[in-house]
Amino acid sequence: MEKSEWIWMNGEYVPWDNANVHVLSHGLHYGTGVFEGIRAYETDRGTAIFRHREHLERLVRSAQLYYMELPYSVDGMREATHELIRRNGLKSCYIRPLAFRGYGEMGLFAQSAPIDVIVAVWPWGAYLGEEGKRSGIRCKVSSWRGISGDSLIPHAKASGQYLNSILAKTESANAGYDEAILLDVQGNVSEGSGENVFIVRDGVLSTPGHTNSILDGITRRSVIQIAGDLGYPVEERDIARAELFLADEVFLTGTAAELVPVREVDDHPIGEPGEITRVIQAKLEDALHRRAPEYLEWLDVVEQPSKVTS
Ligand code: PPE
């Protein structure tokens, strides 16, 4: 990965190489952490963070779902992130807030272990490749089912839960595919290892709903709004595995991935990125870069301090 200079750690700006933890940190042993993935883009008003508050609010909710109380407010973390981007001199970046149980107590009910909070920012290019964003990727339906609400909390973006995504991603990569798509425990389509899934058939967009073990993706929500505003019908519903193969178009959405067309699923060709995928991808790109007047409120501009000195 590409380093930057500073990491915000428990209220302080720490040099990148010094932002370390004790090996007995609780989160390292049990996966007791919650995190976010956010992106900031270069725009006409300077660096702007996409749906910053919504991401930080999801972080707080993920923590609450695992009975963790964050020692910093959404406003506090927002301000810290602005300052961190300024100090690192980044025009665009990926932003990774993480809150985890730290060092101090072992065992599963370690209420006295502190909640440590960090925010890191660094340049991170296209998650599934520039070529993938342009021409589409090849996906494999995973033999691993997505985590279910019976045993974990798909709505939470929690560190330990990503072992499931990692199994699926590893299997698909080892088999030569770009990404995995997981089914839920009922056998309906759930999501990618780090993205939500949309299919298009006969001009209608469909995406799995809240009972399909998905993370309630912020890019997903944005795409649902964009599609609706453009006049495309959108439904949230159970999607059968075969509907992936029969779809006219399939695409994935996520902060890291942005919007990535899928050109093949389980060796069934879907084809070149379709028209609806293209139109929505272009509108999302415009929204991310402050070129879409109707979505300006989605961007949190990082103000630069006044250059005027007295
Ligand atoms: N599902 C999962 C499992 C997921 O991890 C993500 C984001 C999404 C859906 C899409 O959510 P949203 O980003 O709010 O639209 N995955 C993050 C982590 C990726 C990583 O490898 O780390 C991300 O995209 O930042």
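## A salt bridge to start with

D286 and R291 pair through their side chains in a salt bridge, with 2.9 Å from N to O. D286 itself is partly exposed, at a relative accessible area of 24%. Please keep in mind that this is a predicted model.

In total, the structure holds 25 salt bridges. As a general point, side chains of opposite charge can pair when their charged atoms come close.

Let's turn to K133. Its side chain forms a salt bridge with E258, where the closest N and O atoms are 2.6 Å apart. E258 sits in strand β15 (residues 258-265) and K133 in helix α4 (residues 130-135), so this pair ties together parts that lie 125 residues apart in sequence. Both partners, E258 and K133, are buried; for K133 the relative accessible area is 13%, and buried means under 20%.

K133 also meets E285 in a salt bridge, at 3.1 Å from N to O. Here helix α4, with K133, is linked to helix α8, with E285, across 152 residues of the chain.

The largest nonpolar core has 26 residues, and V34, I49, L70, I85, C93, I95 and V121 touch the most other members. At least two residues come from each of β4 (38-43), α2 (52-65), α3 (74-88), β6 (93-101) and β7 (115-122). Helix α3 gives the most, with five residues.

I49 is worth a click in your viewer. Beyond its neighbours within four places in sequence, I49 is in contact with several residues, including R39, H82, I85, I95, W298 and V302. There is also a second, separate core of 23 residues, with Y41, A48, I276 and A292 among them.

## Out on the surface

V23 is placed in the loop between β2 (12-15) and α1 (26-30), and V23 is exposed, with a relative accessible area of 62%.

E275, in helix α8 (residues 275-288), is exposed too, at 60% relative accessibility. Its C-alpha atom is 44 Å from that of M68, a residue 207 places away along the chain.

## Two domains

The domain assignment gives domain 1 (6-122) and domain 2 (130-292). Their centres, taken over C-alpha atoms, are separated by 26 Å, and 24 residues of domain 1 are in contact with 22 residues of domain 2.

Methods:
Residues are numbered from 1 along each chain as its sequence is written. This is a predicted model: local features need pLDDT of at least 70, side-chain atom pairs count only at pLDDT 80 or more; totals for chains, interfaces and linings use all residues. Side-chain values use heavy atoms; hydrogens and water are left out. A nonpolar core is a set of buried Ala, Val, Leu, Ile, Met, Phe, Trp, Tyr and Cys residues joined through side-chain atoms within 4.5 Å. Buried means under 20% relative accessible area, exposed over 50%, partly exposed in between (1.4 Å probe, protein chains only). Helices (H or I, at least four residues) and strands (E, at least two) are DSSP runs, numbered from the N terminus. Contact means heavy atoms within 4.5 Å. Domain bounds come from an automatic or database domain assignment. A salt bridge is a side-chain nitrogen of Lys or Arg within 4 Å of a carboxyl oxygen of Asp or Glu.
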